[in-house]
Amino acid sequence: MSKLDAVLAHVDAHLDESIARLEALVAIPSISTDPAYDGEVRRAAEVLAEEVRLLGFTARVADTIGHPVVVGHDLSAEGKPHVLFYGHYDVQPVDPVSLWHTDPFKMEIQKRADGDTVLIGRGTSDDKGQLLTFLEACRAYRAVNGALPCKVSLFFEGEEESGSKSLPEFLPRTREEFAGADVVLVCDTDMWDATTPQIVTTLRGLVGEEIEITCASHDLHSGMFGNAARNPIQVLAEIIATLRNPDGSVAVAGFYDDVKELPDAIKAQWQSLGYDEAGFMAGAGLTTPAGEKGRSVLEQTRARPTCEINGITGGYTGDGFKTVIPAKASAKISFRLVADMDPAKIRKAFRAHVEARLPPDAKVTFKEHGGSPAVATPSDGPFVAKASAALADEWGKAPALMGSGGSIPVTGDFKRVLGLDTLLIGFAHDDDRVHSPNEKYNLSSFHKGIRSWVRILDKLAE
Ligand code: BES
Ligand code: MN
Ligand code: MN
């Protein structure tokens, strides 16, 4: 048996223990956006740091101005490439918790009717399960060979799901520590489909904004004041309704100024992929693509900017009925950006759009929730070539090289602050229900994900 095969066999033989470690990590409710869980976020960092130390890394939990990060190193592979692996150990809130069929923090293993086995729980897919695929690969490699094939540094973040706000301040402090790294590896993205791996070559940027509209100085009786008093929910709804044109495009002035059309060659290539649009929509219980007319779903979700309303609050929403004109209403709105769009410019244009539409007595305040530009990662070069070959060995077909619709703000910072390119390789499926109740990760993603990293590390060391 070759050395590589021995490591892969070790992965297979010890899969149950890998699953148990994921279960333990999922059990920590590390919800980064809700301050009530700050202690749990830190606990997850400490558990991970300890786990990594047991794996032979030096590791520390480092404070930032927000949630802590875990930094680790095993640089014993003299003369070999140096990879920096990034993952996030924080998770999204679990609300509405009543829609979960299982306890979100008690991982369950279910065999589905279609024959797939899935691991259900918050963070199984995004990103605890994916993060562990890499660590478990290191574990197996070390168990069999006594050492890792490459120099490996680790960087685990606890704030990705709330916009990585502390990293622009923290990352420059790691310049010396990560100086020798050749490339960043990230496991926080999807596969092309259930059997085809994918290397993601672009991520969209993000601008998060919260707006609050206030009118009267206090809540009013809607019979006494109705008609005469400006209603902030009405104002908010009218403003929100102006954010899109009837053709589905975003109506903020200048929004598309810096947006380039996809090159015809790429459009043609995407057209040739036979992407199952209807299947993608059906997986979400939908039939008819909304958004910009005349553009494919693939293009809309991966290569066009968007504006989405993520939450809206105001007035009485409790049981029964209350005849009130509330004093305020608010909404959380996000914009996804593509290459060359400037987050600051988009934020400014959005704010101007809102301010220009305020009727008398309505006031607005804005709160910023992060901003990051789109990122492009290399689609050629030695690292992509080696990772592609390793993925092809594991999955029996070459990976798709594709843009993705999501955002991972830190990838841009890796380039700007540390000068490092990122390789985005993930094993999630688009029906994993990330950010949603009943999140799952396929056991095949977890298992073959671990095996994939073993092969990638092995190949990079050649
Ligand atoms: N893992 C996702 C990003 C992602 C999703 C990449 C799907 C590729 C495909 C990540 O955890 C995430 O959710 N990011 C947030 C960032 C935001 C809070 C700044 C996102 O995209 O909404
Ligand atoms: Mn993620
Ligand atoms: Mn996420």
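Modeller: Two strands count as paired if DSSP finds at least two bridges between them. Keep in mind that this is a predicted model.

Colleague: Fine. How many bridges between β9 and β13, and in which sense do they pair?

Modeller: Strand β9, residues 205-214, pairs with strand β13, residues 328-337, over 10 bridges. The sense is antiparallel.

Colleague: Which residues of β13 stand opposite L206 and G208?

Modeller: R336 faces L206. S334 is the one opposite G208.

Colleague: And what is the bridge partner of T306 in β13?

Modeller: R336 again: T306 has R336 as its bridge partner. β11 and β13 pair over eight bridges, antiparallel too.

Colleague: Zoom out. What is the strand order of the sheet?

Modeller: β11-β13-β9-β14. The sheet is open, has four strands and pairs antiparallel. At the edges sit β11 (306-314) and β14 (363-372), each pairing on one side only. From one strand to the next, the twist averages 15°.

Colleague: Is β13 mostly covered or mostly open?

Modeller: Mostly covered. Of its 10 residues, seven are buried, with under 20% relative accessible area as the cut-off.

Colleague: Switching to helices. Which strands does α7 lie across?

Modeller: Helix α7, residues 232-241, lies across β9, β11 and β13. Its angle to β13 is about 15°.

Colleague: And where does α11 lie?

Modeller: Across β9, β13 and β14. Helix α11 covers residues 343-355 and runs at about 165° to β14.

Notes:
Residues are numbered from 1 along each chain as its sequence is written. Chains are lettered from A and ligands numbered from 1 in the order in which they are written. This is a predicted model: local features need pLDDT of at least 70, side-chain atom pairs count only at pLDDT 80 or more; totals for chains, interfaces and linings use all residues. Side-chain values use heavy atoms; hydrogens and water are left out. Helices (H or I, at least four residues) and strands (E, at least two) are DSSP runs, numbered from the N terminus. Axes are lines fitted to C-alpha atoms, for helices over the stretch in contact, and angles run from 0 to 180 degrees between N-to-C directions. Contact means heavy atoms within 4.5 Å. Buried means under 20% relative accessible area, exposed over 50%, partly exposed in between (1.4 Å probe, protein chains only).
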